[in-house]
Every structure is written in C-alpha cells, then in structure tokens.
Amino acid sequence: MASVTMTVNGKTVTATIDPRTLLSSFLREHLRLTGTHVGCDTSQCGACVVHVDGRAIKSCTALAVSLDGAHVTTIEGLASDGHLHPMQEAFREHHGLQCGFCTPGMIMSAVDIVNRKGAMLDEHTIREELEGNICRCTGYHNIVKAVAAGAQAMAATKVAAE
Amino acid sequence: MSATGIGAPVRRTEDFRFITGKGQYTDDINRAGQAHAYFLRSPHAHADIVKIDTSKAKAMDGVIAILTGDDLAADKIGGLICGWMIHNKDGSPMRAGGHPALAQGKVRYVGDHVAVIIAETYQQAKDAAEAVDVTYKTLPAAADIDSALKKGAPVIHDVAPDNTVFNWHLGDKAATDAAFAKAKHVTKLDLINNRLVPNPMEPRAAVGDFDAGTGVFTLYTTSQNPHVARLVLSAFIGIAPEHKLRVIAPDVGGGFGSKIFIYAEETVCVWAAKKVGRPVKWTSDRTEAFLSDAHGRDHVTHAEMALDDKGRILGLRVNTKANLGAYLSTFSSSVPTYLYAPLLSGQYNIPAIYCEVDAVYTNTAPVDAYRGAGRPEATFVIERLVEVAARERGEDPALFRRKNFVTQFPHQTPVIMAYDVGNYSASLDKAMDMADVKNFGKRKKESERHGKLRGLGYSAYIEACGIAPSQAVGSLGAGVGLWESAEVRVNPVGTVEVLTGSHSHGQGHETTFAQLVSDRLGIPLDQVSIVHGDTDKVQFGMGTYGSRSGAVGMSAIAQAIDKVIAKGKKVAAYALEASEGDIDFKDGRFSVKGTDKSLAFGEVALQAYIAHKFSGQQLEPGLKETAFYDPTNFTFPAGVHICEVEIDPDTGVTRIDRWTAVDDFGVVINPMIVEGQVHGGIAQGVGQALLEGAHYNKDGQLVTASYMDYTMPRADDLPSFAVGMTSTPCPSNPLGIKGCGEAGAIAAPPAVINAITDALGHENISMPATPQRVWQAVQQSQRKLAAE
Ligand code: FES
Ligand code: FES
C-alpha cells in the first residue's frame, strides 16, 4: 500500500492505496467521483479524460501514486459557483451528447483543446484534435459544433472577466 | 407549435446531469458490502472441459466463492433462451442448442463463460482467476460459415449435426422463377455483410443484490428493456418469480441492440448474490465486451434481380447464409429472417421475391440485433442491386430507382409488409437538390485534375419500425407481444409523472416524452417528469429498440393522456357545476362552453384529489390513467441518402466529401434530437462501410478485440452531414410517428459502397472498404482501363 495526496477539484485528499491503482479507479472508487468514465482498456476512447495540473490526460493511463501533489480537475469540478462552464453549456445547447457516457471526457478534452489552440477553431482542427475521444452515439457532428461554440464562449467569458 | 410542444427543438432536460458528471450508470452504483465478480473465460474456440480445479484459487486472498456450471445446474438455474421460434422450410422447428450461463462440459467460443470468481475486490477476483486450473480437451473449431458447413466440420451442438440452425425461406419461389424466366436482363451480385461489434461506449455491467429478509432479488443492469430481462430471468431462467425480482436499468450509455439481450454475466451476478449472501458486482472491460457482447450482421449473400426490357424490376432472388455464432442469443433468430427478408422489396415495386436463409452455428460470439438488425442487411442487398442494375443498363441510378418506386399506397409487397404511406420521389428530389447532384460532373473533373477519383452513391432505404403489432409478430414466431405501456400520474398540484415501459439510453425520452405531455396538457415542460427503467415503478414494458419508442411508446402515453383529459372533464363538470358534455379542454384549461367559467389543469387535478365536489358513487377520486398500446402495423420510415467520396488512388484513402440525408419519419417531436439520431446512425453505417470489421482467425481467436485492432469511427473519419426531411404522417398510430433511430445505419453502407464503386468503375470491393482494399481495387480499375 502507498500513500498519496493530491488536490481534486480544489479539495486536498490523502489516501492509502494499492500502488497499482489507476487515477481513474482512484477518482471513481475512492473519491466516488463517478463522472469520470472508463470505456476501454487500451487508452483509446477518452471517456476518462481529466485535467492534471491544467493539462488533459487519460486517467486510465496514470497511476494515482505517480500524481502525488498534483492538482486534478474532473468533470464534477468544471462548473464554478453553480455556473456551468461555457463548454458544458455549449454541449447542451448544440446537442453534443446522447447517452452521455463519452461526454465528461469530451468536455474535458474540448476545454483542453481551447486552452492549447485558442478560440478560433475550424472544423478540421476540432476533428483532428478529437481523435483521442470516441463517441458511438452522435456521429460527432454536433460535438464539433459544440466545441466550436464553446471555444468562442470561453473566449468571450475571459474577455468579460478581464 | 408552442416553444416546448410537438415539433419544437427543445434542449434536453436530461443533459444537465450528464454534462456535470452526475449521470448514474450501473458501474456508478455500489451496494453496501458488495463483492466483485470476474469471469474466467475460455481461451479456446471449441473444447471439452475435462476438469476445473479451483482448490488453489479458492485459498487465495479475498476469494469468497468460485462457481461453475455445476453450481448453476444444482440450483436448477435454466439456460439462456432465444425468444423467437423459426421454422425450417419443412415445418420443423429450428435447432436450438443449450446455452448455459456457465459452461457445462464444453466451451464453444473464445470468451465463453467457464467460471465466476467472486472476491472482496475486483483485482483479487482477477488474480484468483489465473489460479483456476482448467483442463481442456481442445476440439477443431469452425470459425466462419464456410468451415461450419464443410463436410466433416466439427459439430458445435449435438442437436445440429450439420451446424445449421435452420433453413428458412420467404416468398413465392414459383412466381419468382417465372419472373426470371421471362427476364430480359438479370443482375447478379455476391455480397458480404461484414461482422460488427456494437460497442456502446458504456461496457455492460451488473450489480446483483438479494434481501434475505424479504426474499427479493434486485438486479441493476445495463439493459434496454429491464422488464423483458425480468421476464426472462424469472419465467425461463428461474432466478425468482417476477414479484420477487426487481430489475433496474439506470442511465445506460448506449445500446444499439447489444443491451437488449439477457446475458450470462447479469444472470450469474443476480443468482450469485443470494448464493454468497453479498451484493455481487461485475463490470465488463472493453476486451470482454468485444469477446462476449452479441455481435451484429455477418451475412454472405448471393442475390439476383430480374428486369424487363424497359428496366422494370420483375423479380428478386436472394440466398443468404447468416452466421449466428456459437449460441442463439435472445432474438438472434429473428434478425436474418423476419427483420430481413420482408424488407427486400425496398422502395420498389417488385412483383415476385423469394429469399432463402441458412442460419449457421460457428465457434464465435453469438450474433444478434445491432442497430437496424436485418434491415441494413436487406437494404445493402437491394440498394447494391438496383445501383448495379442501373449501371449495367447504362441508366442513371436515380432515374432507374424513380421508375421502379412504389407510388400507390397502401402497397402490399410479396414479402409480408404492407407499406401504409410514403412519397419516395419527394425524398429523392430533395436529396438530389441538397446534394447538388447536377454539378457532380464538375466536381468529378476537378478531382481528376488533382489526381483523385470521385464517386457518388445513392441509397433509397426503407425500414420497418414501430416494432411491432403483437398478433403479427406472434404469428411469425415471437415469444412476446410488442405493445408498450404508459401510466400518466397527475399529482394534486398538477405536475405530471409519466411511467413508461420504453427505456432511454441516449434517445432523449425525458425530453421528447415530456414535450408530448406539455403539448397535450398545456403545462410547462418542467412540470413533467419521465420515469423509466425500474420494474418496481413501471408496471411492464417492452423496452427500446427497433425505433419503437416514439411510434409505440409515445402512442401509449398519448392514449393515457386522452383518458386523463376525459376524467378531468368529469371532475371539472362537478367543480364548475356544468354538465360533462359542456366541458372543453384546451391550452391547459377546462372551460364550460359558451361561458367564461374555467379551471386550469392544476386546479382540476386538485379537485380530483380533494374530491369535495363529487356526489360520490359515480366518480372515483384521483387522476391517474394507464394505457397499453398495441400498434396496428409496422411503420415505414424511408428516405434517400447520397454519399459523395473522393479517393486518393495512391493511398487508397476514401474521404467522404459530402453526405446528404433526406428522411421521412412522419411526424417529428423534436427535430434536434431526430437529426442527432440520423447523424449517429450514419456514423455507424459509415463505420461498417469503411472501417469496422470483426475478424476471427481460423482457430476462432478474435483478432480484433480492442480499439487498437477494431477501427471505430472517430471525428476525423467523418464529415458534417446535411440532413433534410420530408413528411408523410404515419396513419398507423395516433401520433403519425414513424421512428428514426436506425435509419442512418440502414441507409449508409450501400450509399458509401455505391459511391466508391462509382469512383472505381467496377463493383469489386467489399466492406469495410479500407485503404488497402480500395488501393487494390484501384489497381484493378487501372488494369481494366489499360485493357480497354
Ligand atoms: S478509459 Fe481511458 S482512454 Fe478509454
Ligand atoms: S453520447 Fe453516447 S458515446 Fe457519446
């Protein structure tokens, strides 16, 4: 067993865990943050994407013990002060989800894409950047629209805040 | 149209929980004291089990129990069933081999269930599984249709010594032979409908629980139809009588057919919960999903079309071999038969059709319904045939189709179906317009200038949805009726709960069903909640598949609403001191004709519950009505999809340049959701046509058992889609709905392949049309050109 301490959605958590515990299992089973999903066992589907120190990673591919001291944000931590994140709003507004299983990972990846690539995203870029997230329901059409709109909304909120 | 009523693109009410990570999927559910199950699966495609030695594994840390087929048998737990009886040509019943939830003496495919290990943690169960010592005597395997039908092939089930489940046929053979005898031209095609793995993103999962105090079992499970699961687990498998078994299907992360079926793992979890005295949880990993979820398609077909000298279709002859895998899954026998052959007439006037289907056992995972189920296979046959027939005659494929379209309704096909309504030319016109077909030649030239090949392909599909009239399916062998139930509960304050037997796993019922209620009762959307997926709450239901929840499920709700309004009028009559016949209900108010006396819906609800104004006797207090709706016919959504591809001859990569879909779904409740269903369906159909293929090697090992090997469509494999609609309201249900869930998956594969073959100039390509296959086909085109 090993001890790990990290900040998850702004709260510090410490736990003693089996060293082979993946971050995805740590979040889901130890912290009961079940918004992070597991859709595969080969690091392909992206249902498990969370942010670690501000960058998107596949939580099924990281050992929790390797993230001692890290700041982790999951889908549950994306909204702030009761306000949905603009990307969450965009997914709802543009019908970017059906069964909702891929959605937390999609939204976390989408926010990361905007963080890396800026708000002016063309369709081609969005589709390429979503390579690591599989959705079986939507055919991606509305996800692409949602990401484009969410990116602009993120930029607008930032401007408003400044 | 109100902002939230029928026809409005209302944003989904269920989305809030999904976008905030608050969805409750089966794997998110944990019961106090739960143990974890891991299934030991067969590594062999075909083997006798000589011995299972669990002694070492049982002694390992955390292990609670290891159970095998013998334990199931000792508890008299029955095998899994196939609920649709098909009869052979000679009238004898199909040959269904036994399907124990845990193997008894023999394993028949890689992934077959040998034992379950239950431990304190999942890891402990998994570790212990490796210590279970199974002695197998391996047998030769038959991993595909040809090997299973070969003389001397290994026998998979003793009841079927030739590995044939059934030899079935439909249609008039003599009339079809006569049509071919007088044909001026016959088009022939050999087609493979590739095997697919459904792959909903949420893997299957189950939590079984047993309350020793009440004797009630509870199963939380990833099901599209929890009541059917309860019925089968009770009446056939024998877990417990229905009133002692509760099945809950909470949020379910996609199904596409694969979560209709009653599988071994769910059965074992609920049974084992009593056996070990602890809740038992199992969650599939993706590899297990590939190995043991029911697969889809897998047909080999030879088809012929007879034409007269004017290019009119005279007849159709189809011979199909369908791989059903190692066991008959819950509805597998219906897929290559009654969900397939009755759709072979497509949108066309075809006087004579004869179809023969041989269903075959192989040492592979069971094959059952996957989005479209039989109808995509039929559409692939007919839409490839008409395209090739047009090309062989040198006719424009659109004109050829139009000439042969059914134009008079109702239309009785020679294969059971009676099309009630449609306007096929309207969809074709609109699609051609939206796809800018008239400038295709220019675009093709432009591609050629860049060294690319461009092709355009049509698919004019029809499907039978709104599944299904109970008497009709009963006469065809279904073991169940396919009606739907609804209960509309009005609370004293006028808010409404609708309990439905439909099950939403991505379709957005919580929104669309509420739109119907809002529309009919004139109350705001947020005063309606939709309850589904729990057999303790909803009395009964047949679940969601076959694009049935709008046409059948919502029709049941509409009928229950009508009863609520009728009773509301009675209550209002007392409350307003008027006669019942003088009460009108409109826009959420009950009013007395010709007066300004009226009460809002909520006020009447309150009157119904306080019952102060009733004279007693005649009227019961309360406001709650139920309805069971059994459709009078299938519904027939139809449309035209046009795919335009550009192929790079150097790499064989096919890029879909534009996709146009025009569908006639009858009345549409929420166009935003309907379009989403179309997008998702197209993506799955394009996946089948270009990317996906489940492949077993000749030893029966599934070599495509992960996302590294099985190509799922990703965002950059697909274009955005142009989606349009036409509408001929369905006369066979009170709402005029036809259903939209499967259309894209049905329409897409032939549209893609017709486009690719148009670009190639020959018909020799099979699905999935991977870059390698397309590249090879381009070489063939170039050889052909050089020879000419
Ligand atoms: S669960 Fe992490 S990528 Fe699939
Ligand atoms: S919404 Fe179901 S997998 Fe994406």
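## Strands around β12 of chain B

In this predicted model, B:V207 has B:K281 as its bridge partner in β12(B). Strands are DSSP runs of E with at least two residues, helices are runs of H or I with at least four residues, and both are numbered from the N terminus; two strands pair if DSSP finds at least two bridges between them.

Residues are numbered from 1 along each chain as its sequence is written, and chains are lettered from A and ligands numbered from 1 in the order in which they are written. Local features need pLDDT of at least 70 and side-chain atom pairs count only at pLDDT 80 or more, while totals for chains, interfaces and linings use all residues, and side-chain values use heavy atoms, with hydrogens and water left out.

## An open sheet in chain B

Three strands of chain B form an open antiparallel sheet in the order β4-β2-β6. Because β4 (106-107) and β6 (133-138) stand at the edges with a single partner strand each, one side of each is left without a neighbour in the sheet. Strand β2 (residues 47-53) and β4(B) pair over 2 bridges, and B:D48 stands opposite B:K106 in β4(B).

## The interface between chains A and B

Contact (heavy atoms within 4.5 Å) involves 54 residues of chain B and 44 residues of chain A. The two chains bury about 4,200 Å² between them, 54% of it on carbon and sulfur atoms, where buried area is the accessible area (1.4 Å probe) that two parts lose on being put together, summed over both. In chain B, the residues that lose the most area to chain A are B:I19, B:M201 and B:R714, together 18% of what that side buries.

The interface holds 5 salt bridges, a salt bridge being a side-chain nitrogen of Lys or Arg within 4 Å of a carboxyl oxygen of Asp or Glu; B:D127 and A:R20 meet in a salt bridge at 3.2 Å, N to O. Helices α1 (15-19), α4 (122-131), α9 (286-292) and α18 (671-691) of chain B each supply at least two residues of the side that touches chain A, and the largest share, 8 residues, comes from α18(B).

## A helix of chain A with buried residues

In helix α2 of chain A (residues 86-93), A:P86, A:M87, A:Q88, A:A90 and A:F91 are buried, that is, under 20% relative accessible area, with exposed meaning over 50% and partly exposed in between (1.4 Å probe, protein chains only). The cover over these residues includes α3 (103-117) and α5 (141-161) of chain A together with α1 of chain B. Just after α2(A), A:H95 takes a positive phi of about 55 degrees.

## Salt bridges within chain B

Over all chains, the whole structure has 61 salt bridges. One of them joins the side chains of B:R375 and B:E742 at 2.8 Å, N to O; because B:R375 lies in helix α10 (residues 375-393) and B:E742 in the loop between β28 (722-726) and α19 (743-760), the pair ties together parts that are 367 residues apart in sequence. B:R375 counts as buried at 1% relative accessibility, and B:E742 counts as buried at 7%.

B:R489 forms a salt bridge with B:E487, the closest N and O atoms being 2.9 Å apart, and meets B:E497 in a salt bridge at 3.9 Å.
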